Amino acid sequence: MSLQLDAHFIFLVHGFMGNPDELSYAEDSIKKAAIQSNSDTAISDTNINIITHRVTCNIQKTFDGIEAGGKRVANEVQDFVSNHITKAVGLNNVGMEKHGEDFHASISFIGYSLGGMYARYAIS
């Protein structure tokens, strides 16, 4: 028997001299829209597991360039997704393959100012 797990990760990236709290309203709005979408069968016939995360790695570290900040964002994203998958199924990627489980994920970034540049670097 195969288990299929799906998620859409949305990472919110603050800008120059910013902090993750500046994106709390956007995060709350995304969560409310996801709940509404999942409860409205006219809009969606499947539940969408949306996971938001406000990136914290660049707090007080926005003066060392796009490359350094983008690498920090990429590392935080990789760690966050990996930890989420491990917690969701209680297995690592090798264990998932052995047990016939698939995890399908998509990732979006929302960033403003320098955070948008960090996100673009992280994607590359």
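This briefing describes the fold, helix packing, salt bridges and surface of one predicted protein model. Residues are numbered from 1 along each chain as its sequence is written, and side-chain values use heavy atoms, with hydrogens and water left out. Because the model is predicted, local features need pLDDT of at least 70 and side-chain atom pairs count only at pLDDT 80 or more, while totals for chains, interfaces and linings use all residues. The protein has four helices and three strands. Of its 124 residues, 36% count as buried.

**Overall fold**

- Helices (H or I, at least four residues) and strands (E, at least two) are DSSP runs, numbered from the N terminus.
- Along the sequence, these elements follow the pattern β-α-β-α-α-β-α.
- Buried means under 20% relative accessible area, exposed means over 50%, and partly exposed lies in between (1.4 Å probe, protein chains only).
- Asp6 is found in strand 1, and with a relative accessible area of 41% Asp6 is partly exposed.
- Asp6 and Ile85 are 79 residues apart in sequence, and their C-alpha atoms are 9.9 Å apart in space.

**Helix packing**

- Helix 2 (residues 66–89) packs with helix 4 (residues 114–123) at an angle of about 65°, and their axes are 8 Å apart.
- The axes are lines fitted to C-alpha atoms, for helices over the stretch in contact, and the angles run from 0 to 180 degrees between N-to-C directions.
- Helix 2 and helix 4 are therefore roughly perpendicular to each other.
- For such angles, under 35 degrees counts as roughly parallel, over 145 as roughly antiparallel, 65 to 115 as roughly perpendicular and the rest as oblique.
- Helix 2 and helix 4 make a right-handed crossing.
- A crossing is right-handed if the near helix is turned clockwise from the far one by less than a right angle, and left-handed if anticlockwise.

**Salt bridges**

- Side chains of opposite charge can pair when their charged atoms come close.
- A salt bridge is a side-chain nitrogen of Lys or Arg within 4 Å of a carboxyl oxygen of Asp or Glu.
- By this rule the protein has five salt bridges.
- One of them joins the side chains of Arg54 and Asp21, at 3.3 Å from N to O.
- Arg54 lies in strand 2 (residues 50–54) and Asp21 in the loop between strand 1 and helix 1, so this pair ties together parts that are 33 residues apart in sequence.
- Arg54 is partly exposed at 23% relative accessibility, whereas Asp21 is exposed at 56%.
- Another salt bridge links Glu27 and Lys31, whose closest N and O atoms are 3.9 Å apart.
- Both Glu27 and Lys31 lie in helix 1, four residues apart, which is about one turn of the helix.
- Glu27 counts as buried at 7% relative accessibility, whereas Lys31 counts as partly exposed at 41%.
- Lys71 and Glu67 also meet in a salt bridge, with a distance of 3.0 Å from N to O.
- Lys71 and Glu67 are four residues apart in helix 2, so about one helical turn separates them.
- Lys71 is partly exposed at 42% relative accessibility, and Glu67 is partly exposed at 46%.
- Salt bridges that share partners join Asp21, Glu27, Lys31 and Arg54 into one network.

**Nonpolar surface patch**

- Phe16, Met17 and Phe63 make a nonpolar surface patch of about 380 Å².
- Patches are made of residues with over 30% relative accessible area and no salt bridge; like charges are joined within 9 Å, and nonpolar side chains (Val, Leu, Ile, Met, Phe, Trp, Tyr) within 5 Å.
- Accessible areas come from the Shrake-Rupley method with a 1.4 Å probe, and for residues only the protein chains shown count as cover.
- Phe16 sits in the loop between strand 1 (3–13) and helix 1 (24–39), and Phe16 is partly exposed with a relative accessible area of 40%.
- Met17 is placed in the loop between strand 1 and helix 1, and Met17 counts as exposed at 57% relative accessibility.

**Positive phi angles**

- Met17 has a phi near 55°, which is a positive value in a residue other than glycine.
- Ser113 also has a positive phi, near 55°, and is a residue other than glycine.
- Ser113 is found in the loop between strand 3 (101–111) and helix 4, and Ser113 counts as exposed at 52% relative accessibility.
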